[in-house]
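Dear colleague,

Please find below the structure that I am handing over to you.

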Amino acid sequence: MTATTYYSDEVVACPPRSGTLYDVLELILDRGMVIDVFIRVSLVGIEILKVDARIVVASVDTYLRFAEACNRLDLERDSGSTTVPELFGGGAAKAVGKRKVRRAADTVGETVRKVVGGGDEESDDEDEGEDEQQERPRKRRAPARKSSRRRVEA
Amino acid sequence: MVTDGVYVYAILRAGTALPKGLGGVGSPPAPVRTIGQGPLDAVVSDAPPELRARRRDLLAHQELLMRLADEGPVLPMRFGMVAPDEKTVLEQLAAAESRHAAALEQLAGRFEINVKALPAQNALAALVAEEKDVRRLRDAARRRPGYEASIRLGEAVTTALTRRAAAAGRRMVRELTPGARAVAAGPTVPGCALNMSFLVDRGDTDTFLTRARAFADAHREHVELRLAGPLPCYSFVSSEARPVPVGGV
């Protein structure tokens with residue numbers, strides 16, 4: 001018998017989201033065994049460490065989520081039912097469906113801004129920028145790996 | 001390298017095979033090894049200099065623990081546990097041998113499943129339909145639009161979203177607890193109305209997840225549930241987070 005590890009992006013009932021580390025981040029950082037005689041990354045205050053991690057992980061996961069949402073956009077259908085001014089925030093979106101479209105529009109805006117004006121953010125913290133560069137290809141392969149590897153043989 | 005200490009990932013039963021092809025923390029990933037004497041092993045690597053909670057290091061820690069948990073019971077260490085040297089690790093293993101062995105015994109064949117309850121932000125229509133206060137403020141804001149009215153409406157929506165998510169989260173805990181061996185409240189997470197971990201027998205994880213998904217489906221207008229697991233039992237080993245005993249098990 002096998003048990004496979006699921007993250008929320010495989011859960012039909014919940015909105016799909018590619019970020020998986022974010023969902024268990026607080027467990028990795030705040031739970032798990034602590035042994036007094038071991039030092040816990042003592043050079044950096046733990047609170048700083050947590051905030052640090054949350055920001056980096058959250059932003060990468062957000063990028064991935066936006067990218068995924070963009071890919072799923074059915075432009076044919078959406079453009080048929082929504083005018084361009086509506087799509088980009090003219091007037092209140094009343095229906096839930098339209099709200100989703102607006103979210104997607106925000107997403108596009110966000111992505112474009114990243115592409116066009118991304119220079120600042122990257123030079124802000126070269127260190128983290130490099131981290132994300134390294135993570136991107138790895139992350140893309142992740143779903144396939146997860147389904148094949150994360151099995152528990154009973 | 002040696003001067004930076006020994007990074008400890010987990011404690012497990014001696015002889016548990018290390019998963020192949022997985023590195024540890026650091027860049028490039030540090031080779032992972034087991035050390036131990038007697039019935040327990042510790043999974044360690046050299047600690048990288050200036051270890052921080054980088055994304056890649058968190059992933060390395062998590063991936064390795066996931067794979068180890070597939071092999072047998074593990075006591076997962078919190079991220080960032082570094083011992084001064086191997087000798088310290090071995091001494092600790094020996095000193096706390098019976099305690100660790102008992103903990104491993106208790107976790108054998110069990111996994112953690114984490115459930116987070118978040119406000120159902122996509123269910124605004126249901127919220128407006130069901131919440132009298134929100135409806136009243138919405139009507140008011142339509143009659144007399146303006147900044148003040150919008151703030152009041154938005155505040156009411158936020159409050160109601162959180163309240164509904166928390167209430168549904170509590171119902172979820174009541175409904176899912178009978179399928180678990182133990183329950184432990186997770187750390188507070190921003191934006192999260194409820195964070196709860198369940199200790200579940202391996203054979204029950206599928207059923208548990210199915211029930212959790214069914215609950216999420218049935219309550220999607222009140223709460224967005226995020227499920228993660230089966231995971232290594234992070235929440236059921238720490239001395240700070242004593243699991244809440246579940247009656248009858």
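His61(B) is part of helix α1 of chain B, which covers residues 55–71. Helices (H or I, at least four residues) and strands (E, at least two) are DSSP runs, numbered from the N terminus. His61(B) has a relative accessibility of 0% and therefore counts as buried. The terms used here are buried for under 20% relative accessible area, exposed for over 50%, and partly exposed for values in between (1.4 Å probe, protein chains only).

Please note that this is a predicted model, in which local features need pLDDT of at least 70 and side-chain atom pairs count only at pLDDT 80 or more, while totals for chains, interfaces and linings use all residues. Residues are numbered from 1 along each chain as its sequence is written, chains are lettered from A and ligands numbered from 1 in the order in which they are written, and side-chain values use heavy atoms, with hydrogens and water left out.

Which residues does His61(B) contact, leaving aside its neighbours within four places in sequence? They are Ile28(A) from chain A, and Tyr7(B), Tyr9(B), Met77(B), Arg78(B), Phe79(B) and Tyr234(B) from chain B. Contact means heavy atoms within 4.5 Å.

Several of these names return in the nonpolar cores. A nonpolar core is a set of buried Ala, Val, Leu, Ile, Met, Phe, Trp, Tyr and Cys residues joined through side-chain atoms within 4.5 Å. The largest such core contains 31 residues, and Tyr7(B), Tyr9(B), Leu58(B), Leu68(B) and Phe79(B) have the most contacts inside it. At least two residues of this core are supplied by each of α1 (21–30) of chain A and β1 (6–13), α1 and β9 (223–231) of chain B. The largest share, seven residues, comes from α1(B). Another core lies apart from this one and has 24 residues, including Met77(B), Leu93(B), Leu104(B) and Leu107(B). As general background, nonpolar side chains in soluble globular proteins tend to be buried together.

The aromatic residues deserve a separate paragraph. Rings of Phe, Tyr and Trp (its six-membered ring) pair if their centres lie within 6.5 Å; planes under 30 degrees apart count as stacked, over 60 as edge-to-face and the rest as tilted. By this rule there are three aromatic pairs over all chains. Tyr7(B) and Tyr9(B) form a tilted pair, with 4.6 Å centre to centre and 50 degrees between the planes. Both Tyr7(B) and Tyr9(B) are buried. Tyr7(B) also pairs with Phe79(B), this time edge-to-face, at 6.0 Å centre to centre and 65 degrees between the planes. Because Tyr7(B) lies in strand β1 of chain B and Phe79(B) in the loop between β4 and β5 of chain B, this pair ties together parts that are 72 residues apart in sequence. Phe79(B) counts as buried because its relative accessibility is 0%. Tyr7(B), Tyr9(B) and Phe79(B) form one aromatic cluster.

Is strand β1(B) enclosed or open? Seven of its eight residues are buried, so β1(B) is largely enclosed by the rest of the structure. Two strands pair if DSSP finds at least two bridges between them. β1(B) pairs with β3(B) in the antiparallel sense over seven bridges, and Leu12(B) has Asp41(B) as its bridge partner in β3(B). With strand β4 (residues 74–76) of chain B, β1(B) forms three bridges, again antiparallel; here the partner of Leu12(B) is Val74(B). Strand β5 (residues 81–83) of chain B is joined to β1(B) by two bridges and runs antiparallel to it, with Val6(B) and Ala83(B) as bridge partners.

Arg52(B) is located in the loop between β3 (40–46) and α1 of chain B. Its relative accessibility is 22%, so Arg52(B) counts as partly exposed. The C-alpha atoms of Arg52(B) and Gly80(B) are separated by 7.9 Å, although these residues are 28 residues apart along the chain.

Finally, I turn to the two chains as a whole. Chain B has seven helices and 10 strands, and 56% of its 249 residues count as buried. Chain A has seven helices and three strands, in the order β-α-β-α-α-α-α-α-α-β along the sequence. Of the 154 residues in chain A, 36% are buried.

Yours sincerely
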